[in-house]
Amino acid sequence: MSYISERPVERVTIPVLQRWRGEGRTIVMTTAYDAVSARIADPIVDIVLVGDSVGNVCLGFDNTLPVSMTMMNHHLEAVARTRPHSLLIADMPFLSFHLSPEETIRNAGGLVQRGADAVKLEGGAKRVEMVRALVDCEIPVMGHLGLTPQSVNVMGGFKVQGRKADDALRLLDDAHRLQEAGCFALVLEGIPAELAARATESLNIPTIGIGAGPSCSGQVLVFHDVLGLTEGNRPKFVRTYLTGFQLLQEALSRWADDVRKGAFPAPNESYRLPEGLADEIAKWAPSKST
Ligand code: KIV
């Protein structure tokens with residue numbers, strides 16, 4: 001019997017998350033980009049995020065900047081068709097929430113109409129106007145602060161944020177502004193553990209950490225990182241529970257070897273004609289031209 005860590009049957013909603021925050025219950029979130037990953041993750045985690053990390057994890061880009069609304073809609077639709085019981089959040093990609101409140105609402109509204117329970121967007125004080133516009137339209141918003149991958153060019157790489165006093169204080173101020181603007185939760189990514197702890201204890205909304213130490217209200221890791229499906233150097237906060245890439249390649253190699261040596265397909269993996277018809281067909285078939 002294999003081991004499955006199941007969350008309680010309760011359907012996860014935003015009021016439920018708020019209640020869990022009060023009860024001190026730890027929230028578990030991962031990403032899904034298609035129906036397979038959604039079906040694997042949904043019974044186990046509390047929140048499924050269709051992250052714009054789909055760009056680098058699945059689509060071969062170096063970062064999340066080329067990810068468009070069309071791409072996000074496509075992957076969200078695949079996940080939403082599985083009708084997850086966990087809270088389904090969709091990321092707003094680069095440039096989808098920067099130009100005007102109208103365009104931000106239209107893009108976020110499209111995600112909700114495709115099945116997202118809420119949207120997530122990166123940034124602090126500069127994005128408060130857009131957060132308010134969405135919350136005014138009844139679209140729940142999760143904020144995202146710290147190492148925000150859409151700011152990779154400004155940060156000069158994927159670097160830990162909030163290590164200097166003014167950066168740390170700005171992050172705390174941003175976190176409170178987002179809470180005031182109506183965010184129901186915040187992702188804190190790539191910041192010192194002490195800073196994430198300070199943010200978490202001073203906010204009423206839950207914080208979900210990724211590379212932000214153990215004191216957040218919950219933790220998120222990318223599905224493909226947890227399963228060892230991503231290649232190359234992973235950040236130190238990624239704990240991998242499977243050498244998935246290697247195991248999948250080994251399994252596929254065994255099948256390829258069976259094909260090459262004629263051991264696949266076996267008789268029980270083949271369909272047969274009814275008794276006698278094979279002989280009839282042999283008579284009808286033209287013989288191979290020489
Ligand atoms: O896009 C993403 O996967 C994310 C998580 C890592 C928080 O934003």
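Modeller: Asn73 is buried, because its relative accessible area is 13% (buried means under 20%, exposed over 50%, and partly exposed in between, with a 1.4 Å probe and protein chains only). The model is predicted, so local features need pLDDT of at least 70 and side-chain atom pairs count only at pLDDT 80 or more, while totals for chains, interfaces and linings use all residues. Residues are numbered from 1 along each chain as its sequence is written, and side-chain values use heavy atoms, with hydrogens and water left out.

Asn73 sits in helix H4, residues 69–80. Helices (H or I, at least four residues) and strands (E, at least two) are DSSP runs, numbered from the N terminus. Leaving aside residues up to four places away in sequence, Asn73 touches Leu111 and Arg114, where contact means heavy atoms within 4.5 Å.

Helix H5 covers residues 101–113 and helix H6 covers residues 128–136; their axes come within 9 Å and cross at roughly 55 degrees. Axes are lines fitted to C-alpha atoms, for helices over the stretch in contact, and angles run from 0 to 180 degrees between N-to-C directions. H5 and H6 are therefore oblique to each other: angles under 35 degrees count as roughly parallel, over 145 as roughly antiparallel, 65 to 115 as roughly perpendicular, and the rest as oblique. The crossing of H5 and H6 is right-handed, a term used when the near helix is turned clockwise from the far one by less than a right angle, with anticlockwise giving left-handed.

On the H5 side, the contact is made by Pro101, Thr104, Ile105 and Ala108, and on the H6 side by Glu129, Met130, Ala133 and Leu134. Six of the residues in this contact are nonpolar, one is polar and one is charged. In this count Ala, Val, Leu, Ile, Met, Phe, Trp, Tyr, Cys and Pro are nonpolar, Asp, Glu, Lys and Arg are charged, and the others, Gly among them, are polar. An α-helix has 3.6 residues a turn, so residues three or four places apart point the same way.

Thr104 belongs to H5 and counts as buried because its relative accessibility is 0%. Its C-alpha is 8.2 Å from that of Ala133, although Thr104 and Ala133 are 29 residues apart in sequence. Beyond four places in sequence, Thr104 touches Met92, Ser96, Phe97, His98, Met130 and Leu134.

Leu134 is also among the residues touched by Leu121, with Met92, Phe97, Arg127, Val131, Val141, Met142, Gly143 and His144, again not counting residues up to four places away in sequence. Leu121 lies in strand S4, residues 118–122, and counts as buried because its relative accessibility is 1%. Between the C-alpha atoms of Leu121 and Val141 there are 7.4 Å, while along the chain these two are 20 residues apart.

Two loop residues complete the view. Glu138 is in the loop between H6 and strand S5 (141–146); its phi is near 70 degrees, a positive value in a residue other than glycine. At 68% relative accessibility, Glu138 counts as exposed. Arg83, in the loop between H4 and strand S3 (87–91), has a positive phi of about 50 degrees although it is not a glycine. Arg83 is exposed, with a relative accessible area of 68%.
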